[in-house]
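Biologist: I would like to learn how to read packing and pairing features. Could you walk me through a case?

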Amino acid sequence: MEYGRRPLLRVRGRSVAWLLPLLLLAGVVLADFATGERLRMISWIVLVPGISSAICGAWTTAGYGLLAVATYVLVDSAWPEQYQAGLGDFILVAVGGALATLAAAVRVRRERQVVHIRDIADTTRRTVLRPLPPDWAGLEQAGVYLAADVEARVGGDFYDIQPSPHGTRVLVGDVQGKGLGAVEAAAALLGTFREAGYHEKDLATVAERLEIRMLRHRSHTVALGGADGDRFATAVLIAFPGDAPQTLEMVNFGHEPPLAVGPRGVRELPSGEGLPLGCADLAGDRMPPVRRVPLATDETLLLVTDGVTEARDGPGEFYDLTREVARAVRADPRRAAPHRLVRRVRDGVLRHSGGRLADDTTIFAVRRLPGGGGPPGDLEQGCLRY
């Protein structure tokens, strides 16, 4: 298949799109003989390279252009001279084939550019939202990111898990705004989280490092002439201490409160009074407190961005996350598993909004693995010792 051709009309993995122009050519020839001398149809053969330019490559279209000219000459010459279409229609078919070839070349080049841009966007997404194993750092996890723009590949939502010698840390957040500026801010925060989350013992210190990083990122972009002087990010920073299997630590930077989902139902964890990252100066540089919250080993922690809670249906009603999750778990307690829970919320949001998302949407769920499964941080230290 020629590079950039759209995968239309595939049979057993191979494209048969080239058959459409060929069938059209045969149809025009048959129609020309069937209608007789009073209605000559052969000039319609100019549509053959035109159709090819939309679904085939440039070389295939050029071939159909030449085939259309040759077929025109042969078919038109088969008629008596007084019934021949003549030179004018010949020029039409020849010029139509040349223009169709040019159009196909432009289309293929454009498709190559789009593929290249999408590759860059996918690489950026893998850098910002790095792939995570289903079982990682003592946690079973599942996550999904839905872009509000169907052509987008990455936005300002972010999440990650960082194992460390001090326990496993989780970060989920949403940068205010859209576009590359939001992506850059998300990448900056995740980079800081991955380093501070591993090295710092106290979760409060990790939270402080994130706040400082947001302020530094803003000042840097403003110095470069950007308009990100007031950009902020909501986030939830969570730690699963290795020595407290029934407890987690949490710092909430103005984000949607997490839900604890288990066989006994759904409960909302404290939201706290923290301001978003980048806004600590509004509270006299006071950081949100670190809260210790009970979490049973069979409970799943569900974290979402406001794309979920602000999803609306046709009449404008918001998606009720807590109610829908509680109803699903009552019907089947196995839906509390991270991968089932994420899939259920994703399908529910898309169904509620009719597939029309007003904002980027992230759904992330984690649950402790049976037996703890200790974080890989100890293994990393062991490798360093060797």
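Modeller: Happy to. This is a predicted model, where local features need pLDDT of at least 70, side-chain atom pairs count only at pLDDT 80 or more, and totals for chains, interfaces and linings use all residues. Residues are numbered from 1 along each chain as its sequence is written, and side-chain values use heavy atoms, with hydrogens and water left out.

Biologist: Which side chain meets Glu 140 in a salt bridge?

Modeller: Side chains of opposite charge can pair when their charged atoms come close. Here the partner of Glu 140 is Arg 367, at 3.3 Å, N to O. A salt bridge is a side-chain nitrogen of Lys or Arg within 4 Å of a carboxyl oxygen of Asp or Glu. The pair links distant parts of the chain, 227 residues apart: Glu 140 lies in strand S4 (residues 139-146) and Arg 367 in strand S13 (residues 361-368). Strands (E, at least two residues) and helices (H or I, at least four) are DSSP runs, numbered from the N terminus.

Biologist: How many salt bridges does a search of the whole structure find?

Modeller: The search finds 14.

Biologist: At what angle do the axes of H1 and H2 cross?

Modeller: Two packed helices are described by the angle between their axes and the distance between the axes. For H1 (residues 19-35) and H2 (residues 47-55), the axes cross at roughly 170° and come within 9 Å. Axes are lines fitted to C-alpha atoms, for helices over the stretch in contact, with angles from 0 to 180 degrees between N-to-C directions. H1 and H2 are therefore roughly antiparallel (over 145 degrees). Leu 20 and Leu 24 of H1 are among the contact residues, as are Val 48 and Ile 51 of H2; contact means heavy atoms within 4.5 Å.

Biologist: How far apart are the axes of H2 and H3?

Modeller: They are 8 Å apart, and H2 packs with H3 (residues 58-77) at about 175°. That makes H2 roughly antiparallel to H3. The contact includes Ser 52 of H2 and Tyr 64 of H3.

Methods. Parallel < 35°, antiparallel > 145°, perpendicular 65-115°, else oblique.
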